[in-house]
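Here are my notes on this structure, point by point. Please keep the structure open while you read.

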Amino acid sequence: MTKSEKTREFIIQQSASIINKKGIAGTAISDLMEATGLAKGGIYGNFESKEEICSEVFDYLTRKVGVGLEAAIATKTTAREKLFALLDYYADGVGPSEMGGCPLLNFGIEADDTNPALKQRVAKAIKRSQQRMAKLIEEGQASGEFNKKIDAGLFALKMFTMIEGAIFSSRVTNNRTIMKTITDILKNEIDSF
């Protein structure tokens, strides 16, 4: 990695939780300068705009969540165990985390009406997330663990939207039991497959 690449990565890492919490519009360059200890020129010498930083931060955060999910399910052997580990990761890792919550939710809400390019990136990440869930259900169907009549894509959509809704509700109300309740509901439904 070159010095410039290291500096870019440093700026992204130091800016990630700030932008995820404050949003694109709510984050000022002075916030990023304070977080990184760099002058304005040090930031803009590595990025063309705040929007470019925000896009890179989104990619960084979604990779981080993806790596966390993969690590959570890596040691599990059955599809049920993997789905439960995925739910536990969201309940323990993304919802209450100091990172500022789920980047798909945070960036998606802000980009929905204001940033078509970022909105498209969020949409692709949502699709990947749902595909990961559907794939685990399909693995369980292939192994005989789950009923083949279950629509994996439909359940993945339901699971994803319930998780995101629970993250939102838990964070806004500062009530972690909402997330636990939703993950328990989904686990009970998975057990009925």
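In what order do the elements of the protein chain run from the N terminus on? They run α-α-α-α-α-α-α-α-α. Keep in mind that this is a predicted model.

1. **Overall make-up.** The protein chain has 9 helices and 0 strands. Its C-alpha atoms fill a box of roughly 60 × 40 × 30 Å, taken along the principal axes. The chain has 193 residues, and buried residues make up 43% of them.

2. **Contacts along the chain.** Take the contacts between residues at least 6 apart in sequence. Of these, 65% join residues at least 24 apart.

3. **Helix α1 against helix α2.** Helix α1 covers residues 3-26, and helix α2 covers residues 29-36. Their axes come within 9 Å and cross at roughly 150 degrees. Angles over 145 degrees count as roughly antiparallel, so α1 is roughly antiparallel to α2. The crossing of the two is right-handed. From α1, the contact uses Phe10, Ile11, Gln14, Ser15, Ile18, Ile19, Lys22 and Gly26. From α2, it uses Asp31, Leu32, Ala35 and Thr36. By class, the residues of this contact are 6 nonpolar, 4 polar and 2 charged.

4. **Helix α1 against helix α6.** Now look at α1 with helix α6, residues 103-114. Their axes also come within 9 Å, but here the crossing is at roughly 5 degrees. Angles under 35 degrees count as roughly parallel, which means that α1 is roughly parallel to α6. On the α1 side are Ile19, Asn20, Gly23, Ile24 and Ala25. They meet Pro103, Asn106, Phe107 and Glu110 in α6. This contact has 5 nonpolar, 3 polar and 1 charged residues.

5. **The nonpolar core.** The largest nonpolar core has 55 residues. Which of them touch the most other members? They are Leu86, Phe107, Met159 and Ile163. The elements that give two or more residues to this core are α1, α2, α4 (50-74), α5 (79-94), α6, α7 (116-142), α8 (152-173) and α9 (177-191). The largest share comes from α4, with 10 residues. As background, nonpolar side chains in soluble globular proteins tend to be buried together.

6. **Leu86.** Leave out residues up to four places away in sequence. Leu86 then touches Leu69, Ile73, Arg132, Met133, Leu136, Met159 and Ile163. Met159 and Ile163 are also on the list of core residues that touch the most other members.

7. **Ile163.** This residue is found in helix α8. Is Ile163 buried or exposed? Ile163 has a relative accessible area of 0%. Buried means under 20%, so Ile163 is buried. With residues up to four places away not counted, Ile163 touches Leu86, Leu87, Tyr90, Met133, Met179, Ile182 and Leu186. The C-alpha atoms of Ile163 and Glu189 are separated by 14 Å. Those two residues are 26 residues apart along the chain.

8. **Asn46.** Where is Asn46 found? It lies in the loop between α3 (40-44) and α4. Asn46 touches Ser4, Thr7, Arg8 and Ile11, not counting residues up to four places away in sequence.

Definitions and conventions: Residues numbered from 1 in each chain as written. Predicted model: local features only at pLDDT ≥ 70, side-chain atom pairs only at ≥ 80, totals over all residues. Heavy atoms only, no water. Axes fitted to C-alpha atoms, helices over the stretch in contact; angles between N-to-C directions. Helix = DSSP H or I, 4+ residues; strand = E, 2+ residues; numbered from the N terminus. Parallel < 35°, antiparallel > 145°, perpendicular 65-115°, else oblique. Left-handed = near helix turned anticlockwise from the far one by under 90°. Contact = heavy atoms within 4.5 Å. Nonpolar A, V, L, I, M, F, W, Y, C, P; charged D, E, K, R; others polar. Core = buried A, V, L, I, M, F, W, Y, C linked by side-chain atoms within 4.5 Å. Buried < 20%, exposed > 50% of the residue type's maximum accessible area, 1.4 Å probe, protein only.
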